[in-house]
Amino acid sequence: MLMAVPTELDGGSVKETAAEEEPRVLEPGAAPFGNFPHYSRFHPPEQRLRLLPPELLRQLFPQSPENGPILGLDVGCNSGDLSVALYKHFLSLPDGETCSDASRELRLLCCDIDPVLVKRAEKECPFPDALTFITLDFMNQRKRKVLLSSFLSQFGRSVFDIGFCMSITMWIHLNHGDHGLWEFLAHLSSLCHYLLVEPQPWKCYRAAARRLRKLGLHDFDHFHSLAIRGDMTNQIVQILTQDHGMELICCFGNTSWDRSLLFFRAKQTIETHPIPESLIERGKEKNRLRFQKQ
């Protein structure tokens, strides 16, 4: 549901586009909702994977026949490159492997607002039994409820084990305002036991606005009226922990494009989903952030 751009690009999208098929406009400033094609050329999945322990999900969710697969939600999957990379990384699958019984361990529902990107993801995904791609504007409450509930009901679940929100928050914020960002994080936190969030810093907001102005396009409706601004990583942490009942477990580090990978847990899952001590210590060692208490 989000996207990417050269120099401070981002992945996903937040509003449905009119384009239904190729060719796509490649000028980054012409995609104000973040649904940029070829996002992984600018922000390769490997830059995130190197920060994430591959044993993370297996430590959090020990497998047993009665538990069923681990269920993940990837919001703003773009053309699916990162979704596939995350799947392979957490299951330690070798490069080139295209079929596996691993779908019994992990299933991902990957959504994006752009139907062209979703179609590309479906076509190129090497694990069609394990990764499901759908076109969804996550801010459309009715469609979101229907599509996500339909997926979860296949496994007798009401929530996902983990959600991935990778460079999406800025596009939600710019196109839906402060309240939209707050609502987005509320919905996401209510749907997942754990969240991995990669917020965009404020400099990316300014860069996105400059790109629109440079092309003579209409400015973001909310950019100049946003009250939530400045240290966006800290702002996201405060909203999730103070307003939406999440606990910040650790920061896994920063990507080469200076984005933090923040790992949260829903407070009500503390007893049912304990964190392995080794994971907590590893996260502490990598944590380069110091959050100010507000």
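Residues are numbered from 1 along each chain as its sequence is written. Because the model is predicted, local features need pLDDT of at least 70 and side-chain atom pairs count only at pLDDT 80 or more, while totals for chains, interfaces and linings use all residues; side-chain values use heavy atoms, with hydrogens and water left out.

**Nonpolar cores**

A nonpolar core is a set of buried Ala, Val, Leu, Ile, Met, Phe, Trp, Tyr and Cys residues joined through side-chain atoms within 4.5 Å. Buried means under 20% relative accessible area, exposed over 50%, and partly exposed in between, with a 1.4 Å probe and protein chains only. The largest core holds 48 residues, of which L73, F138, F160 and F184 touch the most other members. Helix 6 (residues 169-191) gives the most to this core, with 9 residues. Helices (H or I, at least four residues) and strands (E, at least two) are DSSP runs, numbered from the N terminus. A second, separate core has 37 residues, including A85, C125, F133 and I162.

Contact means heavy atoms within 4.5 Å. Apart from neighbours within four places in sequence, the contacts of F160 include L71, L73, L109, F151 and H193.

**Helix 6 and helix 8**

Helix 6 packs with helix 8 (residues 232-243) at an angle of about 30°, and their axes are 9 Å apart. Axes are lines fitted to C-alpha atoms, for helices over the stretch in contact, and angles run from 0 to 180 degrees between N-to-C directions. Helix 6 is therefore roughly parallel to helix 8, a term for angles under 35 degrees. On the helix 6 side, T169, H173, L181, W182, L185 and S189 take part; they meet M232, I236, I239, L240 and D243 in helix 8.

G177 also belongs to helix 6 and is buried, at 4% relative accessibility. Beyond residues up to four places away in sequence, G177 touches I172, H222 and L226. G177 and A227 are 50 residues apart in sequence and 8.9 Å apart in space, C-alpha to C-alpha.

Most residues other than glycine have a negative phi. Two residues with a positive value are set out below.

Notes
Parallel < 35°, antiparallel > 145°, perpendicular 65-115°, else oblique.
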